[in-house]
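Please look over the sequence and the structure, then read the points grouped by topic.

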Amino acid sequence: MTNTERPLAISAPEPRTLDLIFSDSARAELHAKYEIVEADPENIAGLGDDILGRARYIIGQPPLSAETLTRMPGLRSILNVESNLLNNMPYEVLFQRGIHVVTTGQVFAEPVAEMGLGFALALARGIIDADVAFRQGNELWGGEGNSSARLIAGSEIGIVGFGDLGRALRRLLSGFRARIRVFDPWLPQSILEENGVEPASLDDVLTKSDFIFVVAAVTSENRGFLGAEAFASMRKGAAFILLSRADVVDFNALMAAVSSGHIVAASDVYPEEPLPANHPIRNLKGFIRSAHRAGALDSAFKKMGDMVLEDMDLMDRGLPPIRCKRAERETVSRMRSKPVAVN
C-alpha cells in the first residue's frame, strides 16, 4: 500500500506529542493505517495544497482560518488532544461543513476525581498537617489530634458542574452515603436525578455543604463567579476543592477566606502556572496545593491515542465519532479554558 492510498492525517498535537498520547503499538497502528504529516501548529496554512487537499484528519487544535479550511475539502474531523476548546478556528464553518470537532478530555475525569477525593479526605482528617507535625516531633496522639477531624460519610456534599468530571466524582462518592447536591445550569433536572444527585441552586450548594467540589468548565459567563460573597456564605469550616480551572474563582478572595479561618481549601489549578516562588498561596495554612498534576497520568495520555484511533476508524467507515466527545455548536464558542502546558 502506498502513501497516497492511505488517508492523510496532519499531526499538530501541541502541547502534547504523539509519543505522549500513543503507546508504541498504537503509534505503529497509526502510521500503518494513515499517512502522517507532522506540522507546525502555527503554520498549517503554509502546507502545500497537495497535503491540505488530501487531509482527512487533524490531530491537535492548531489555529485555522476559514481560508485555510477551503483548501481542505476532504477534512472530516479535528481531533483535539489538548482537551481545552480554544476560540482559534471558525467553528461555524466547521459545523456548516459537517466537520466533527472532538475532544479527548474525558480521559482525565477519573484521575482528577480520585485526586479530588484525596483532597477531601486529607482536609477532613488533617492528614497532611498531622504528617508534618509527626516529622517535626510535634504530633498529637489519638483523640487529641482529631479536634477538627470529621467524616465524609453521611456529610452534605455540593458539586458545581456535572460534566465528565462531576459524574466520575459522584461515582467515587457514592459509597460515602452522603447527600450530594449539584448545580449545573447547562443540564436539565432529570439528568441530575438519573445520576443519583439532587439538583440545587448555587446558593444551596454553597450554603448547605460540608464539602464543595468545583469542576465547572470556564465559560464566557462564569469567569470569577465564585468570589468573596460566595466564600462568606459557606459553612464555617467547609472544605472547598477546586479541580477544574482557576478562572472560575476570584483567587484572592479564596485565599482571604482560607486565611481568615472561615474555610479550608485545596486546589490543583492556579491563575498563573507555574506560580512565582514568592506567591502567598505557597505558605497559606489550611490550603492543600497540587501543581496541576491531578490528571497528568501516563495511562490517561495513552488512552487519548486509543480513543483517537477508534474514532478515526469509525469515520473511515462512514460512521460518526463516538469515543471522543463532540463539541457542540451552541457552547463551543463560550469556552474560555487556557491551554495546559505539558512538561
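**Salt bridges**

Asp131 and Arg135 are joined through their side chains by a salt bridge, 2.6 Å from N to O; a salt bridge here is a side-chain nitrogen of Lys or Arg within 4 Å of a carboxyl oxygen of Asp or Glu. The model is a predicted one, in which local features need pLDDT of at least 70, side-chain atom pairs count only at pLDDT 80 or more, and totals for chains, interfaces and linings use all residues. Residues are numbered from 1 along each chain as its sequence is written, and side-chain values use heavy atoms, with hydrogens and water left out.

- Both Asp131 and Arg135 belong to helix 7 (residues 127-135), where they are four residues apart, about one turn of the helix. Helices (H or I, at least four residues) and strands (E, at least two) are DSSP runs, numbered from the N terminus.
- Asp131 is partly exposed at 36% relative accessibility, and Arg135 is exposed at 69%. Buried means under 20% relative accessible area, exposed over 50%, and partly exposed in between (1.4 Å probe, protein chains only).
- Side chains of opposite charge can pair when their charged atoms come close.
- The whole structure contains 18 salt bridges.
- One of them joins Arg56 to Asp316, with the closest N and O atoms 2.8 Å apart. Arg56 is in strand 3 (residues 55-60) and Asp316 in helix 13, so this pair ties together parts 260 residues apart in sequence. Asp316 has a relative accessible area of 25% and is partly exposed.
- Glu92 and Arg329 form a salt bridge whose closest N and O atoms are 3.1 Å apart. This pair links distant parts of the chain, 237 residues apart: Glu92 is in helix 5 (residues 91-96) and Arg329 in the segment after strand 13 (325-326). Glu92 is partly exposed, with a relative accessible area of 41%, and Arg329 is partly exposed too, with 39%.
- A network of salt bridges links Glu156, Arg179, Arg181, Glu198, Asp210 and Arg235.

- Asp184 sits in the loop between strand 7 (179-183) and helix 9 (189-194).
- Asp184 is buried but has no salt bridge, and the nearest side chain of opposite charge, Arg167, is 6.6 Å away. For charge, Lys and Arg count as positive and Asp and Glu as negative, while His and the chain ends are not counted.
- At 2.9 Å, the side chain of Asp184 reaches the backbone nitrogen of Trp186.
- Residues up to four places away in sequence aside, Asp184 touches Gly161, Phe162 and Gly163. Contact means heavy atoms within 4.5 Å.

**Nonpolar cores**

- The largest nonpolar core has 57 residues, and those with the most contacts inside it are Leu30, Ile159, Leu173, Phe213 and Met312. Helix 6 (residues 109-125) supplies the largest share of this core, ten residues. A nonpolar core is a set of buried Ala, Val, Leu, Ile, Met, Phe, Trp, Tyr and Cys residues joined through side-chain atoms within 4.5 Å.
- Apart from this core lies another, of 33 residues, with Val160, Leu202, Ala253 and Leu275 among them.
- Leu30 touches Leu18, Phe22, Ile36, Ile59, Leu309 and Met312, when residues up to four places away in sequence are not counted.

**Other buried residues**

- Ser11, in strand 1, is buried at 1% relative accessibility. Not counting residues up to four places away in sequence, Ser11 touches residues including Leu18, Val37 and Ile59.
- Met307, in helix 13, is buried at 2% relative accessibility. Met307 and Phe22 are 285 residues apart in sequence, yet 9.9 Å apart in space, C-alpha to C-alpha.

**Backbone details**

- The peptide bond from Glu14 to Pro15 is cis, with omega near 5 degrees. Pro15 is in the loop between strand 1 (8-12) and helix 1 (18-21).
- The peptide bond from Glu273 to Pro274 is also cis, with omega near -5 degrees.
- Arg177, a residue other than glycine, has a positive phi, near 55 degrees. Arg177 lies in the loop between helix 8 (164-173) and strand 7 and is exposed at 63% relative accessibility.

Definitions and conventions:
A polar contact is a pair of N or O atoms within 3.5 Å; within protein, one must be able to donate a hydrogen and the other to accept it, and residues adjacent in sequence count only if both atoms are side-chain atoms.
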